[in-house]
Amino acid sequence: MPRETTQQRSDRIHAEYAVLCRMFPEAICTLDFQTPFQLLVATVLSAQTTDVRVNSVTPELFSNYGTPETLAVANPEHIEDIIHPLGFYHTKSAHIIKLANQIVSDFNGIVPQTMEELTKLAGVGRKTANVVLGDAFDVPGFPVDTHVIRVTGRLRWRTDWRDKHPDPVKVEKEITQYFEPSEWSDLSHRLILFGRTVCTARNPDCESCLLNDTCPSAGHPL
Ligand code: SF4
């Protein structure tokens, strides 16, 4: 029997999220982009690297290849040169050129707005699709990345918190049930910002964390 009931967990989650809202009033996407297509490309490029690093290469990338039509016919080696600092540049170059071709040929040059269609594009998984849905189209989306998994585990927002490598789709379903769809995108941004700055992977700053009076990982009993 868990000591914390479902209702108690829900109340605690909302109280802790209210603190995160005060800590991070601006729940913004930290990737730079001008169009849904550019956000899609930047998000694909952000795998295994930081948004800051992605933002350092996208000005040159987008000034030359900022539309599906221009990227679709790009020389792969030129793209690799531009995105080289991001790592996995060969695979990433192939993915973004292919997805640009798919958008041109299958979607009349327009980024699709559904999970089903987005995840048909090269290099686009559920997380990337949720970023694009939430930040480019205002369609409810809850991207689950490594920060979201870690923070929701430490805070015991998810019942499988012992699992360090849970199924992201299960995490998405369990966490979003506590929130209105209109809140999902901002919720994800705030959990990511919190995970980057306070509840970090190696050195969580529990001593000065504003959630340490309720967080189970800081010793608060449930
Ligand atoms: S108290 Fe520590 S483990 Fe809990 S949320 Fe804060 S930083 Fe993370």
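Author: Let's begin at N108, which is found in the loop between α6 and α7 (115-118). Keep in mind that this is a predicted model, in which local features need pLDDT of at least 70 and side-chain atom pairs count only at pLDDT 80 or more, while totals for chains, interfaces and linings use all residues. Residues are numbered from 1 along each chain as its sequence is written, and side-chain values use heavy atoms, with hydrogens and water left out.

With 70% relative accessibility, N108 counts as exposed. Here exposed means over 50% relative accessible area, buried means under 20%, and partly exposed is in between (1.4 Å probe, protein chains only).

Now step back into helix α6 itself, which covers residues 89-106 and holds H95. H95 has 29% relative accessibility and therefore counts as partly exposed. Leaving out residues up to four places away in sequence, H95 touches V44, A122 and G123; contact means heavy atoms within 4.5 Å. L45 is 50 residues away from H95 in sequence, yet their C-alpha atoms are 9.1 Å apart in space.

Two packed helices are described by the angle between their axes and the distance between the axes. The partner is helix α2 (residues 36-45), whose axis comes within 10 Å of that of α6 and crosses it at roughly 155°. This angle makes α2 roughly antiparallel to α6. The axes are lines fitted to C-alpha atoms, for helices over the stretch in contact, with angles running from 0 to 180 degrees between N-to-C directions. By these angles, under 35 degrees counts as roughly parallel, over 145 as roughly antiparallel, 65 to 115 as roughly perpendicular and the rest as oblique.

The crossing of α2 past α6 is right-handed. In words, a crossing is right-handed if the near helix is turned clockwise from the far one by less than a right angle, and left-handed if anticlockwise. On the α2 side, the contact is made by F37, L40, V41, V44 and L45, and on the α6 side by K92, H95, I96, L99, A100 and I103. This contact of α2 with α6 has nine nonpolar, one polar and one charged residues. In that sorting, Ala, Val, Leu, Ile, Met, Phe, Trp, Tyr, Cys and Pro count as nonpolar, Asp, Glu, Lys and Arg as charged, and the others, Gly among them, as polar.

While we are at α2, look at T43, which also sits in this helix. T43 has 4% relative accessibility and therefore counts as buried. Apart from neighbours within four places in sequence, T43 is in contact with L31, T128 and V131. Follow the chain out of α2 and you reach Q48, in the loop between α2 and α3 (51-65). Q48 has a phi near 65°, a positive value in a residue other than glycine. At 68% relative accessibility, Q48 counts as exposed.

Back to α6, which has another partner to meet. Helix α5 (residues 76-83) packs with α6 at an angle of about 125°, and their axes are 9 Å apart. That angle makes α5 oblique to α6. α5, too, passes α6 in a right-handed crossing. Here P76, I79, E80 and I83 of α5 meet Y89, H90, K92, S93, I96 and I97 of α6. Sorted by class, this contact of α5 with α6 has six nonpolar, two polar and two charged residues.

Compare the two lists as you turn the model.

Note on methods: Helices (H or I, at least four residues) and strands (E, at least two) are DSSP runs, numbered from the N terminus.
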